[in-house]
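Work through the exercises below with the structure in view. Each task is followed by a solution in steps.

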Amino acid sequence: MTEQDFIPEVYHSKIENGKVTWESPSNIALVKYWGKKKNQIPENPSISFTLNECKTITTLNYTLKENKTDFEFDVFLDGKKEDAFKPKIQTFFERIESYVPFLRDYYFKIETSNTFPHSSGIASSASGMSALALCLMSIEKELNPELSDVFFNQKASFLARLGSGSASRSIEGDLIVWGKTDSITGSTDLFGIKYPYKVHENFKEYQDTILLVDKGEKQVSSTVGHNLMHNHPFAKNRFDQAHENLETLKTILESGDLNQFIALIESEALTLHAMMMTSMPYFILMKPNTLEIINKIWSFRKDTGLHISFTLDAGANVHVLYPKKEAKVILEFIKNELVAYCQNEQYICDRIGFDAKQL
Ligand code: DP6
C-alpha cells in the first residue's frame with residue numbers, strides 16, 4: 001500500500017452533525033522507535049505491547065459550519081478547556097487533511113480524559129492521538145459506509161501515526177509492529193500491524209507495573225529526541241540493531257524463552273537511553289531512583305530466579321515487566337521494595353491489552 005490509498009474518493013452522503021466516542025489504549029515498546037524521517041516515517045521498526053488500563057477516552061462532537069476556510073475546534077481535558085493542546089492538534093489536522101478532506105467542513109468539540117493521572121510522566125500522545133484518529137475514521141465511515149473493518153483500522157493507525165509515531169501502535173492489541181522489516185511479513189512504515197506469528201503462552205497476560213519515578217514534564221520532547229538521531233554517530237548501527245532485535249524477538253516470542261526475552265528488552269531500553277546520552281546535545285533522562293530500581297530488579301532476579309525485567313521510555317519512569325504466573329511474588333516485591341522509589345509512592349498495575357473500543 002502507499003499513502004495514495006488513504007486519499008478518499010468523493011463522499012456521496014452528507015451529515016449535518018453527530019457525536020462519536022472511542023477509548024484507546026496506550027502501549028509500551030519492546031523494540032523502540034527512536035529516530036524518524038520526513039512525514040513521520042520511522043528510521044527503524046518497533047514492536048509494542050498494547051496496555052490494558054492506561055487509556056484515553058475521546059468524544060468528538062461535530063457540526064457542519066458555514067465558513068470552510070479554517071480548522072475550527074476546541075479541546076477539553078476532564079471537562080476543562082485546554083488551549084495548550086490546540087497547536088498539536090492544529091499540526092495534526094494539517095498533516096492529515098488530504099486524507100480526511102472533511103476536516104474544514106465541521107466545527108469539532110474534542111472532549112478527552114485519561115485513565116492515568118495527567119501529570120504522571122506517562123505520555124498520552126499514543127492513546128490520545130489514536131483515540132482522535134479513530135473518531136475521525138468513524139465520521140469517514142458515516143460518509144462512506146462501504147469501508148471495510150481492515151481498512152478502517154489501517155487508516156486509523158496511518159492517521160494516528162501522523163499525529164504521533166507511537167500512536168500508530170495503539171489501535172489494536174496485543175502485540176503491534178510498526179515499520180518495514182524483512183523478518184515480519186506485511187510490516188510497513190505507514191501503519192501498525194498485528195504481530196502475525198505464533199506467540200508462546202508465557203507472554204499471554206504479561207504484566208506491566210509502571211513505577212512513576214518522576215511525574216514532571218518531559219525533559220526532552222519526543223520531537224527534539226527523534227531529531228537527535230540525525231547525524232548521531234551511532235545512528236546507523238542502532239537502526240540496523242533494531243531490525244536484528246525484531247528478528248531475534250520473533251524466535252523468542254515463539255519459543256517462550258523468558259531469559260532471552262529479558263536480555264533483549266532490557267538492552268533495548270538501555271540502548272534508547274544510551275542514544276540520548278551520546279547525542280549532541282546529550283541528556284540523562286534516568287533519575288537516581290531509576291537506577292536504584294534497576295539494580296534492585298537485577299538482584300531480586302539473581303536471588304530468586306524469577307523473570308522480572310524492566311523497560312523504559314524516554315523518561316525516568318520504569319515499566320516492570322513479568323509473566324502472569326510469577327505475578328503474586330513479584331508484585332509483593334514491587335510493593336515492598338520498589339514503590340518507595342516512586343514519587344508519592346505512585347504506581348500503576350497494568351498488563352498486556354487489546355483493541356481500542358468504540359463506546
Ligand atoms: C521512546 O511516538 O512520542 O516512546 O512521533 O514525535 O510523537 P512522535 O514520537 P513518539 O516517540 C516515542 C518514542 C519512545 C519509543 C517507542 O514508543 O517506540
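**Exercise 1: Contacts of the ligand**

A backbone N or O atom of G165 lies 2.7 Å from an oxygen atom of the ligand. The model used here is a predicted one.

Task: find how many residues surround the ligand, and which are the closest.

Solution. 
- Step 1. The ligand is surrounded by 16 residues.
- Step 2. The closest are Y33, K36, S164, G165 and S166.
- Step 3. For Y33, a polar side-chain atom is 2.6 Å from an oxygen atom of the ligand.
- Step 4. H226 also places a polar side-chain atom by a ligand oxygen atom, at 2.9 Å.

**Exercise 2: The setting of N44**

Task: decide whether N44 is buried or exposed, and list what N44 is in contact with.

Solution. 
- Step 1. Locate N44 in the loop between β3 and β4.
- Step 2. The relative accessible area of N44 is 2%. Buried means under 20%, so N44 counts as buried.
- Step 3. Leave aside the neighbours within four places in sequence; N44 is then in contact with K32, Y33, W34, W178, R238, F239 and A242.
- Step 4. Look at K32 in that list: the side chain of N44 reaches the backbone oxygen of K32 at 3.0 Å.

**Exercise 3: Two helices**

Solution. 
- Step 1. Among the buried residues of α3 are F151, F152, K155 and the run from A156 to G163.
- Step 2. The partners that the buried residues of α3 pack against are the helices α1 (86-96) and α2 (125-143) and the strands β1 (17-31), β3 (41-42), β8 (175-178) and β9 (192-194).

**Exercise 4: Aromatic rings**

Task: classify the ring pairs F6 with F191 and F49 with Y206, and say which parts of the chain each pair links.

Solution. 
- Step 1. The structure holds 22 aromatic pairs. One of them is F6 with F191, at 5.9 Å centre to centre and 85° between the planes, which is edge-to-face.
- Step 2. F6 is in the segment before β1 and F191 in the loop between β8 and β9, so this pair links distant parts of the chain, 185 residues apart, where planes over 60 degrees apart count as edge-to-face. Both F6 and F191 are buried.
- Step 3. The rings of F49 and Y206 have centres 5.7 Å apart and planes at 40°, so this pair is tilted.
- Step 4. F49 belongs to strand β4 (residues 46-64), and Y206 to the loop between β9 and β10 (207-211); they are 157 residues apart. Both F49 and Y206 are buried.

Key
Residues numbered from 1 in each chain as written. Predicted model: local features only at pLDDT ≥ 70, side-chain atom pairs only at ≥ 80, totals over all residues. Heavy atoms only, no water. Buried < 20%, exposed > 50% of the residue type's maximum accessible area, 1.4 Å probe, protein only. Helix = DSSP H or I, 4+ residues; strand = E, 2+ residues; numbered from the N terminus. Contact = heavy atoms within 4.5 Å. Phe/Tyr/Trp six-rings, centres within 6.5 Å; stacked < 30°, edge-to-face > 60°. Near = heavy atom within 4 Å. Polar contact = N/O pair within 3.5 Å; in protein donor to acceptor, adjacent residues only side chain to side chain.
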